[in-house]
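Take a look at the protein chain below. Start with the whole fold, then zoom in on one piece.

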Amino acid sequence: MANGKLVPDYIFESSWEVCNKVGGIYTVLSSRAKTLQDTLPDRIIFIGPDCWGDAPCPYITEDASLLADWREEAAEEGLTVKIGRWNIPGNPISILVDFKPFFEQKNDIYGWLWEHYGVDSLHAYGDYDEASMFSYAAARVVESFYKSRLAGQYERVVYHANEWMCGLGLLYINNVLPQIATIFTTHATSIGRSIAGNNKPLYDYLFAYNGDQMAVELNMQSKHSIEKQTAHHADCFTTVSDITANECRELLDKPVDFVLPNGFDNSFVPKGAAFTRKRNVARRRLLHVANALMGSRLGDDTLIVSTSGRYEFRNKGIDVFIEAMNRLLRDRDLSKPVLAFIVVPGWVGEPRQDLVDRLASGKQYDEPLEVPQITHWLHNMSHDNVLGMLKYYDMQNRKDDKVKLVFLPCYLTGNDGVLNLSYYDVVLGNDLCIYPSYYEPWGYTPLEAVAFKVPCITTDLAGFGLWANSVKGSNSEIEDGVKVIHRTDYNYSEVADAIKDTVALYSNFSPEEVKKARANADKLSKKALWSQFIRHYEDAYDFALRKAAARMEGQDNKREMR
């Protein structure tokens, strides 16, 4: 025990985003892994989907010597796996399982799920089947490994499932291996996200919504059903912020046992001279691309700002970001030119060849390219929300505009063909980052920004924004490193004005004030490191292990009474 807490001997953690970089949960798991690996070396095993078939997964270094004996047993049980080390800090053991063979058993699996847990899979569509078959396959991996290697040797084993997509597997473990303690983390309730994404007011009416009823109305019955039943049957039910905990209580009819805030691993943030050099390189590249696109002459005094995240136009506040930049065009208090980027992966086609040619020429241009608001062509140019809103407001990046806005509609991996910078390098080159989310259970983007000493603007509808306010003990301001704007279901216009005013205010900061705000951002990020937040996970492990131990003791007592 550590401080009286039960400590797991083994942890199995499953997620669709293990070695599969598709969203924010990838960052949660990959940044937390080193902290767990340091505590339980090679006894934290991540399980993810094999989405690559015969091709190698780019996020894992396979190792034929790892768990070699068990791999053969697994194959005999119909489990095809890739085993290696995840290419992240800590390099934990990861198992990728081929879930496609289980589609043949889908109806039987769903029948079992209905019989034992009342989960409605009848209305499934979209990614439900794929996620469920992976979840089942992941549980079968744990079952096989546990029975082969751990049973009788290790008493304290935890299975941690992330999101509804891993719920089926947790319920399977709950049924066939009750000695394993189960933890379920919902990073965002499926029905809450759907309510917000369908432009319905979520927060003012949260107390009045019935989750089951809304699932029917929004055609979300199956995802909601598996999520709800997993929440009710897990030994420990968790989420990532107080604001999402409210959702769980109201929409899933189950209070969470613990809030597990998302931490950060800053080991890859450059230090000292390397930090300054990379920041300068990023700024020069961002300005170079923008000037080539728009035929402009933006210089070093330009205030570079951005928003980023998934392309959820309302939920991520992309709409209010554009609104704020449009209003900033006419703000008399703005003392510097502003270059604003929207870094959101859209339905991207290819890099603009005309822009690539300009960048390669080394020349300066006085005339803008056609559509001087976007760096890559899209497949749906005429139906894109960002371009549509820019057209509606006639934001054409004209030469005299004090604010120019550029859409970067692709994943920034360093080889997008135009900018050719990684996402973190782009963040590093910013002066301010802006994330005016309407629906944001936690908010990794603002946490990443402050870790790179970039002050940011967010809202108190984001878990991170609430946390920043709690650290200060009052409303956090831009001078503190994070400006937290109060946001409700109905104050869109006020939020846009608050963003506009904050950017204008920051444009007038003296070098000393900028330095202080950046230092405060850095200082705040240190309080959100995994070394600070891992204690919440330790509480959850202890809680789940005690529940499992009590369950097994109860079963032993029943057998003795017979």
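What follows goes from the overall build to a single helix.

This is a predicted model, where local features need pLDDT of at least 70, side-chain atom pairs count only at pLDDT 80 or more, and totals for chains, interfaces and linings use all residues. Residues are numbered from 1 along each chain as its sequence is written, and side-chain values use heavy atoms, leaving out hydrogens and water.

The protein chain has 19 helices and 17 strands. Both are DSSP runs numbered from the N terminus: helices are H or I with at least four residues, strands are E with at least two. The radius of gyration is 25 Å, close to the 24 Å that the globule rule gives for 562 residues, so the chain is as compact as a globular protein of that length. That radius is taken over C-alpha atoms, and the rule is 2.2 Å times the number of residues to the power 0.38. Along the principal axes, the C-alpha trace spans about 85 × 50 × 45 Å.

How much of the chain is buried? Buried residues make up 58% of the 562. Here, buried means under 20% relative accessible area, with a 1.4 Å probe and protein chains only. Now consider contacts, meaning heavy atoms within 4.5 Å. Among contacts with a separation of 6 or more, 74% join residues 24 or more positions apart.

Now zoom in on helix α15, residues 444-451. The helix is mostly covered, with eight of its eight residues buried. Among them are Y444, P446, E448 and V450. Just after α15 comes K453, which takes a positive phi of about 65 degrees.

Notes: Buried < 20%, exposed > 50% of the residue type's maximum accessible area, 1.4 Å probe, protein only.
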